[in-house]
Structure formats: C-alpha cells, structure tokens
Amino acid sequence: MSKDIIQVENLVKKFGALAAVDDISFTIAPGEIFGFLGPNGAGKTTTINILCTLARPTSGKATVNGFDVVHQQGMVRQSIGLVFQDPSLDERLSGLQNLRFHALVYNIPRSVREKRIEEMLQMVELWDKRHNEVRTYSGGMKRRLELARGLLHSPKVLFLDEPTLGLDPQTRQRIWEYILDLRQRKGTTVFLTTHYMDEAEKADRIAIIDHGKLVAIDTPAGLKRLVGKDIVSLKTDDNVRAGEELKGRYQIESRRDGDGLVFEVASGEEFLPIFIKEFGTRILSVNLRRPSLDTVFLKLTGRDIREEEVTDVLKAMVRQHGRRTRR
Amino acid sequence: MKNLLGIYTIWYRDLLRFWHDKMRMVSSVVFPLLFLFVFGSGLSARMGLLGPGINFSQFMFPGIIGMTVLMSSFASGVSIVWDREFGFLKEVLVAPVSRATVATGKAFGGATVALIQGTLTLAFSPLIGVSLTPLKILQLLPLMLLLATAMASMGILLATRIRSMEAFQAVMQMLMFPMTFLSGVFFPLQGLPAWMDFLTKINPATYGIAPIREVMLGTLPGSPFAVTLFGHVMTLWENIGVMAGFGAIMLVLAMWSFSHQE
Ligand SMILES: Nc1ncnc2c1ncn2[C@@H]1O[C@H](COP(=O)(O)OP(=O)(O)OP(=O)(O)O)[C@@H](O)[C@H]1O
Ligand SMILES: [Mg+2]
C-alpha cells in the first residue's frame with residue numbers, strides 16, 4: 001500500500017487498432033497539482049475517462065485514492081470531482097437546479113447544501129442568473145457553471161479537462177485562486193489538462209503525452225532544464241574584463257550582444273545571487289531569461305502547444321474569406 | 001438510504017423536466033383524445049354494443065388510457081439517449097450512486113410522468129360516458145403505474161444498447177405499435193385468427209391493458225373482454241401477476257444493462 005493518491009501502471013486503452021493510451025505509468029502524490037499536457041488526440045481525455053471509471057482500460061492497472069478503477073468504481077467515484085472537456089449540463093434545467101442535482105447525488109449534507117451552492121455560484125458570478133435555464137447561458141457562463149459544479153462537493157481528487165477554455169482572464173484568475181486555496185486548505189489533488197502555458201506553470205509536476213505515450217514527466221523547472229539552460233544578459237562598465245572574469249572564475253563562455261554580454265547557466269535562479277555578490281566587475285544591469293514550457297513542448301512533441309488552435313483560427317479565416325470572395 | 005436519495009434525485013429531475021415542458025404535457029393528452037374521438041365517433045354507431053351497455057368508445061377508453069401510459073413510459077427511455085448525446089449522462093455516470101440506482105430512478109421517473117399523463121386523460125371519462133368513482137381511480141393508479149414501470153424499464157433497456165437518437169426512435173416504434181395494436185386497445189381479444197390470437201397472448205401489454213379495462217368498466221368474470229389463456233379465463237390478479245413478472249424482469253435487465261455499458 002503506497003500513499004500515492006493516483007497510481008497508473010502500464011495503462012493501455014485501444015480503440016480498434018489505435019492505441020489511444022499506450023502503456024503509460026506514473027504516480028501522483030496527495031495535494032499535488034499534476035499537469036497533463038499533449039497535442040490534440042494525444043490521449044489525455046482517454047486517460048481521464050479511465051481514471052474516473054467512465055472507460056475500462058484494455059490492460060494495465062490504475063488506482064485513485066487507493067481504489068481500483070475497475071473493481072472499486074463506487075469508491076473511486078466517491079473520491080473524485082470532474083470538469084469534463086465536453087459540455088455535460090442539463091440545459092433544460094436552471095443553473096441552480098443543475099447544482100442541486102449534483103449536491104443530492106453527491107450526498108452533500110442538507111445543512112450546508114444551499115450555502116455551498118450559493119458560495120459556488122457567487123464565485124463564478126452566476127448567482128443573479130441562477131433561475132435561468134442553462135440553454136440561455138453563454139458559452140463562458142456554461143463553462144463557469146460546470147466549474148462550480150465540479151468544485152461543489154470538495155472532492156479529494158479533482159480532474160480538470162481543459163477547465164478554463166474560452167474563459168476571460170479575470171474569471172480564470174478567480175477560479176485558479178479558488179483551486180489553489182482549496183489545495184491549501186483541504187489538500188485537494190488536481191489532475192489538469194490545459195493548452196494554456198501559464199496554467200501549466202502552476203502545476204507541481206507536468207507529464208507530456210504524445211501519441212498515447214509519456215514522453216516526459218518532471219517539474220516545470222526540470223522540464224525546462226531538459227531543453228536548455230537559462231540565459232543571462234549582463235551589462236557592466238567593462239565588458240571585456242567581465243568576459244575574462246566569467247571564463248576564469250566560472251569556466252563560462254560568453255558572447256557580446258549589443259552593449260552587453262550574454263551567457264548560459266544551468267540554473268540561473270541559484271547562480272545569480274551568488275554571482276552578483278562575488279563578481280569583481282561593476283554590474284549595471286542583469287536579466288535572466290528562462291526557457292519556457294512552450295519550447296519544451298515544441299521540442300518533445302514537435303508541435304507548438306497552441307499550434308492546433310492557431311491553425312483552427314487560420315482555417316476559419318480562410319473559410320470566411322473563401323465564402324466572401326465566392327459570392 | 002444513499003440509494004434511495006439517488007433514486008429520488010434521478011426521479012425528481014425527470015419530473016422537473018416534464019414540468020418545464022408544458023408542450024409535452026398538452027400533446028400527451030391530445031394524441032389519445034384524437035384516437036378516441038376520431039375512431040370512437042366514426043365507428044361507435046356502426047359497431048353497436050360490444051358488451052352489456054358498452055359501446056365502442058366506452059370499450060376503447062380504458063385501452064386508450066393504457067396506450068397513453070404505455071407509449072409515454074416506453075418513450076421515456078429516449079431521455080437516456082438524449083442525455084448521452086448532450087453529455088449530461090457523464091455527470092450521472094461518474095456520480096457516487098450505483099448504476100442500478102440510476103436505472104431504477106429513471107424507470108420510476110418515466111413511469112411517474114406516464115402515470116400523470118394517463119391520469120390527466122382520465123378526466124375525459126364523462127365525455128365518453130364512463131363513470132369513475134374515487135375508489136375506481138384509486139384502483140387504477142397502481143395498475144397504470146405497474147404497466148408504466150414495466151414499459152419504462154423496457155425503454156431503458158433499449159436505450160442502454162442503442163446509441164443514436166434515430167435508431168432508438170425507429171426501434172421503439174417497431175416495438176411500440178405492434179404492442180399497442182395487439183394488446184386489446186382497439187378490439188376485443190376474442191374470435192381472432194389463430195396467428196393474431198397467439199401474438200396478443202405473448203404480448204405483455206395485453207396483461208397490462210386487461211386489468212385497467214376490468215376495473216374501469218367493471219366487467220364480470222366471463223365477460224367478452226377477458227383474456228383467455230389455454231382455455232383459462234385470467235382473473236384480475238393473474239393479469240397483474242403476469243405484468244408484475246414481466247416488469248420485474250425488465251427492470252432487472254435494465255439495471256444490469258445500464259451497469260454494463262461504456
Ligand atoms: N470513443 C472513441 N472511439 C474511438 N476512438 C477514440 C474514442 N475516444 C477517443 N478516441 C481516439 O483516441 C485518441 C485520443 O483521444 P483523446 O480524446 O484522449 O485526446 P486528447 O489528448 O484529449 O486530445 P484533445 O487535446 O483534443 O482533447 C484520438 O485519436 C481519438 O480519435
Ligand atoms: Mg481531450
């Protein structure tokens with residue numbers, strides 16, 4: 001018995017000949033925010049479906065909160081909350097009725113039920129619209145309602161499949177504050193897929209999946225170290241002497257860049273404080289640039305993380321343009 | 001206790017949706033009335049009396065009530081296909097209530113809606129000349145509920161196996177119309193050709209319609225409307241027994257099938 005809250009061992013899910021999830025293994029610790037990244041069709045949603053008991057694995061084993069996802073489905077379901085990638089609301093009911101339904105099937109005690117529902121609806125700013133039928137909500141409002149619903153019963157493990165797609169920055173910000181606070185207060189574990197890099201950065205660890213296979217799993221910083229070192233831009237009052245000192249003291253090669261120097265170090269965060277204290281040449285300015293998760297993603301999957309969406313936008317523009325010129 | 005709450009919640013949602021949908025409420029009553037008045041007034045005079053003091057409209061009325069209940073409850077399975085299409089089924093399937101609970105809640109939800117529709121249709125009895133006492137209504141309610149629960153379970157069984165809306169509707173109609181026409185809704189089940197007689201006897205709906213008619217028209221034993229099986233005239237309770245047996249099998253199959261879908 002291990003204390004990992006999610007354990008995945010050699011998990012495989014096949015659709016006919018296609019291995020949507022192809023022999024992946026990983027573990028997640030309690031309270032961890034785990035980012036699951038990958039291009040479209042990589043197998044992220046399929047993995048979540050298996051972990052939340054909606055789909056059966058072809059082979060392999062997975063446990064959530066210590067319960068087997070095939071043989072102890074009831075216990076697994078009791079432990080989790082979900083925000084699905086695709087819509088999952090009852091559009092004919094009101095927002096309030098959707099949440100009440102959820103509260104009842106998740107057996108939230110009557111004493112706190114209405115208070116929790118109001119709190120969540122206030123958080124996503126839908127309290128004023130609570131009596132309206134969901135089909136009259138805008139796309140972003142529906143998404144917010146789904147988030148409110150997923151968080152309503154304070155699950156031990158929260159699966160968020162692209163939770164904030166299409167939401168405005170303020171809403172995303174507020175929802176993230178809530179999730180981080182929830183983790184702080186209750187030790188909630190968060191399993192997240194996203195195409196937003198700033199969200200992925202919030203993860204404690206990130207797994208990158210491509211064509212059903214895990215290609216990397218590490219902390220965001222660790223992943224960035226994979227692709228390259230941190231870049232430091234330095235301006236001093238004597239660049240020549242600074243270059244020599246860098247070479248002599250730290251065995252670092254630097255090159256001239258405009259009126260300053262540029263060099264690479266493995267871990268700029270740790271290097272810079274010491275460097276600034278002990279460096280002999282007078283420093284005018286120093287700037288640290290770190291490789292981004294975008295570059296990591298690009299290098300590991302050969303695709304830009306936003307590429308799909310960008311091409312979709314382009315396609316849409318071409319289509320519109322075509323329509324207009326044809327007329 | 002948790003399961004009861006689950007059943008209640010699923011059931012309650014179906015009723016809420018029905019309540020929101022006033023059109024469905026109106027149309028569910030209009031359709032059977034159409035049958036009753038078009039067929040009834042067209043044929044009543046010509047057919048004369050079918051039993052002691054019972055004309056064709058009066059004979060048909062309990063059948064129409066049964067048909068309303070049967071069609072509405074069977075069709076309620078469509079809500080599962082619908083929920084799958086619109087994604088809400090996922091919310092239900094990952095909830096910590098057992099699948100058997102969900103199927104049961106669905107069956108009772110569909111059955112209750114059908115019961116309401118059947119009861120609303122009862123209000124037209126004075127127009128047909130069928131007198132209903134409060135006692136009769138009290139006896140009719142459980143009979144309608146039994147038929148409705150059995151048929152709703154059958155609808156759910158179907159919906160767990162058929163993914164597309166179009167296919168569900170096609171298969172449903174393929175089953176529903178023969179079941180309705182061969183159950184004694186529109187004609188007494190006596191003096192039929194052998195093949196038709198056979199079909200009416202194996203049709204479970206027959207045993208749901210017969211008790212409703214018996215209670216409503218107060219038929220005596222040996223009446224021309226009773227179901228005769230192997231030369232034996234089925235009593236009220238025997239009919240109820242067959243219907244309950246069929247309903248129980250359907251409900252268990254629906255629960256099983258709902259639990260074993262992906
Ligand atoms: N029910 C299914 N039947 C057949 N193939 C499926 C099914 N569900 C998913 N797939 C296939 O499995 C692969 C993985 O799909 P999945 O939805 O897990 O991708 P994803 O990583 O979530 O992608 P996205 O970023 O677009 O959401 C895809 O090739 C998809 O076509
Ligand atoms: Mg997905």
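**Helix packing and its surroundings**

Of the 327 residues in chain A, 48% are buried. The model is a predicted one. Chain A holds 12 helices and 14 strands. Its C-alpha trace spans about 70 × 65 × 50 Å along the principal axes. Among contacts in chain A with a separation of 6 or more, 69% join residues 24 or more positions apart.

Now the close look, in chain B. Two packed helices are described by the angle between their axes and the distance between the axes. Helix α8 of chain B covers residues 134–161.

Take α3(B), residues 56–75, as one partner. α3(B) and α8(B) pack at about 30 degrees, with axes 7 Å apart. Angles under 35 degrees count as roughly parallel, so α3(B) is roughly parallel to α8(B). Their crossing is right-handed. From α3(B), the contact uses B:I65, B:G66, B:V69, B:L70, B:S73 and B:F74. From α8(B) come B:M144, B:L147, B:A148, B:M151, B:A152, B:M154, B:G155 and B:L158. By class, the residues of this contact are 11 nonpolar, three polar and no charged.

Next, α6(B), residues 99–122. α6(B) meets α8(B) at about 135 degrees, and the axes lie 8 Å apart. The two helices are therefore oblique to each other. The crossing of α6(B) and α8(B) is right-handed. On the α6(B) side, the contact is made by B:A103, B:K106, B:A107, B:F108, B:G110, B:A111, B:A114, B:L115, B:G118, B:T119 and B:L122. On the α8(B) side, the residues are B:L140, B:L141, B:M144, B:L145, B:A148, B:T149, B:A152, B:S153 and B:I156. The contact of α6(B) with α8(B) divides into 14 nonpolar, five polar and one charged.

B:M144, B:A148 and B:A152 take part in the contacts with α3(B) and with α6(B).

Further along chain B is helix α10, residues 194–202, which holds B:I202. B:I202 is exposed, at 51% relative accessibility. The cut-off for exposed is over 50%. B:I202 and B:M179 are 23 residues apart along the chain, and their C-alpha atoms are separated by 9.8 Å.

Back to chain A, for a contrasting position. A:F159 sits in strand β7, residues 157–161. A:F159 is buried, with a relative accessible area of 0%. Leaving out residues up to four places away in sequence, A:F159 touches A:I6, A:I48, A:L51, A:I80, A:G81, A:L82, A:V83 and A:F191.

Last, the metal site. A:T45 (OG1) and A:Q85 (OE1) coordinate the magnesium ion (ligand 2), at 1.9 to 2.1 Å. A:T45 lies in helix α1 (residues 44–51) of chain A, and A:Q85 in the loop between β6 (80–83) and α3 (95–105) of chain A, so the pair ties together parts that are 40 residues apart in sequence. A:T45 is partly exposed, with a relative accessible area of 26%. A:Q85 is also partly exposed, at 34%.

Technical notes
Residues numbered from 1 in each chain as written. Chains lettered and ligands numbered in written order. Predicted model: local features only at pLDDT ≥ 70, side-chain atom pairs only at ≥ 80, totals over all residues. Heavy atoms only, no water. Axes fitted to C-alpha atoms, helices over the stretch in contact; angles between N-to-C directions. Helix = DSSP H or I, 4+ residues; strand = E, 2+ residues; numbered from the N terminus. Parallel < 35°, antiparallel > 145°, perpendicular 65-115°, else oblique. Left-handed = near helix turned anticlockwise from the far one by under 90°. Contact = heavy atoms within 4.5 Å. Nonpolar A, V, L, I, M, F, W, Y, C, P; charged D, E, K, R; others polar. Donors = N, O, S within 2.8 Å, 3.2 Å for Na, K, Ca; no water. Buried < 20%, exposed > 50% of the residue type's maximum accessible area, 1.4 Å probe, protein only.
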